[in-house]
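User: Please take a close look at the aromatic pairing in this model. Then set it beside the pocket and the nonpolar cores.

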Amino acid sequence: MTDRSTILITGASSGLGEGMARRWAAAGKDLALCARRLDRLEALRTELVAANPGIRVVVRALDVTEGEAVRTTFGELDAELGGIDRFVLNAGLGKGASIGSGKAHANVETATVNVIGTLNQAEAAMELLTPRGSGHLVFISSVSALRGMVKAQNTYAASKAFVSTLAQGLHAELDSAGSRIVVTDILPGYIRTDINRSVKTSLMTEFEEGCDALVKAIDSEPTRALVPGKPWTAIGPMLRLLPEKVSRRLV
Ligand SMILES: NC(=O)c1ccc[n+]([C@@H]2O[C@H](COP(=O)([O-])OP(=O)(O)OC[C@H]3O[C@@H](n4cnc5c(N)ncnc54)[C@H](OP(=O)(O)O)[C@@H]3O)[C@@H](O)[C@H]2O)c1
């Protein structure tokens, strides 16, 4: 495990991104934080620097669906902090509706942010990491990537399957080339944030506990991790292997 001192997080204006930023700031890391809501990022920067006066925190408004803006912004933040050694591709959207229900816009928006947005970020981060030959690229996917989901979660799950497949392919490519660039695919289960405020499930993990587990998992730099480990390392394989009629009752 390598000590990563400079970390970029997208989707840092709320939820898991904000929670990870607080934890890495407390660990003395310099941070680059991006999202569309700049006012929230600025308030977070003020809070983090006040609590951890030794660290640098830079923030930028960024829509991850705009490829050229992602490339420019990642490049500027990388230069400003003297080299980012971990990129956490966390920005994501969980809107959705049954296919054919007349709410195509919600599914298209979710697919655009989670698929095109993640691809834009991976391209921009790899352009910076490749010449250095080292660094850590973290994809925030979801346990829903493991199996097709119904209704409002269908497009979201399909978009996260894209994220995990992209991470797996990139890991295979870099690993076979003997690269020191580490790729990690993180599949969170339900952790209480804005994205799942309408979800009712006994499998929900509380926010602080979920963020602790996420940061611990990412810092150990695995190829893939279901987070929190309990219960998801047990449920994950069942989602893949059990007949669909049985597995859909699990989540
Ligand atoms: N919480 C869970 O149970 C759970 C489970 C599995 C996976 N995840 C994944 O974890 C990640 C974080 O989700 P969360 O739970 O923390 O939800 P959240 O509180 O809704 O946070 C989502 C973040 O993504 C940002 N974002 C959305 N669209 C964006 C865009 N077009 N450009 C840039 N940033 C954008 C939002 O910032 P702005 O609106 O300010 O742009 C926000 O900071 C997502 O990828 C989500 O799919 C969450």
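Analyst: **The aromatic pair and its surroundings**

W232 is buried, at 0% relative accessibility. Buried means under 20% relative accessible area, exposed over 50% and partly exposed in between, with a 1.4 Å probe and protein chains only. The model is predicted: local features need pLDDT of at least 70, side-chain atom pairs pLDDT 80 or more, while totals for chains, interfaces and linings use all residues. Numbering runs from 1 along each chain as its sequence is written, and side-chain values use heavy atoms, without hydrogens or water.

Rings of Phe, Tyr and Trp (its six-membered ring) pair if their centres lie within 6.5 Å; planes under 30 degrees apart are stacked, over 60 edge-to-face, the rest tilted. That rule gives two aromatic pairs. One of them joins Y190 and W232, edge-to-face, with 5.9 Å between centres and 65° between planes. The partners are 42 residues apart: Y190 sits in the loop between β6 and α6, W232 in helix α7 (residues 229-241). Helices (H or I, at least four residues) and strands (E, at least two) are DSSP runs, numbered from the N terminus. Y190 is buried too, with a relative accessible area of 11%.

T205 lies in the loop between β6 (180-188) and α6 (207-219). T205 is buried as well, at 7%. Leaving out residues up to four places away in sequence, T205 touches Y190, I191, R192, G210 and P228; contact means heavy atoms within 4.5 Å.

The largest has 30 residues, with L8, F74, F87, L137 and F139 making the most contacts inside it. Helix α4 gives the largest share of this core, seven residues. Apart from it lies another core of 29 residues, among them V59, V88, V138 and I191.

Now the pocket. A pocket is an open set of points on a 1 Å grid over the protein atoms alone, where a 1.4 Å probe fits, with protein on both sides within 12 Å along at least five of seven lines; lining residues have an atom within 4 Å of a point. The largest pocket holds about 1300 Å³, the space filled by probe spheres on points joined across faces, edges and corners. It has 46 lining residues, and G92, L93, G94, D194 and I195 are the closest to its centre. Helices α1 (15-26), α4 (104-132) and α5 (154-176) each supply at least two lining residues.

Definitions and conventions: Core = buried A, V, L, I, M, F, W, Y, C linked by side-chain atoms within 4.5 Å.
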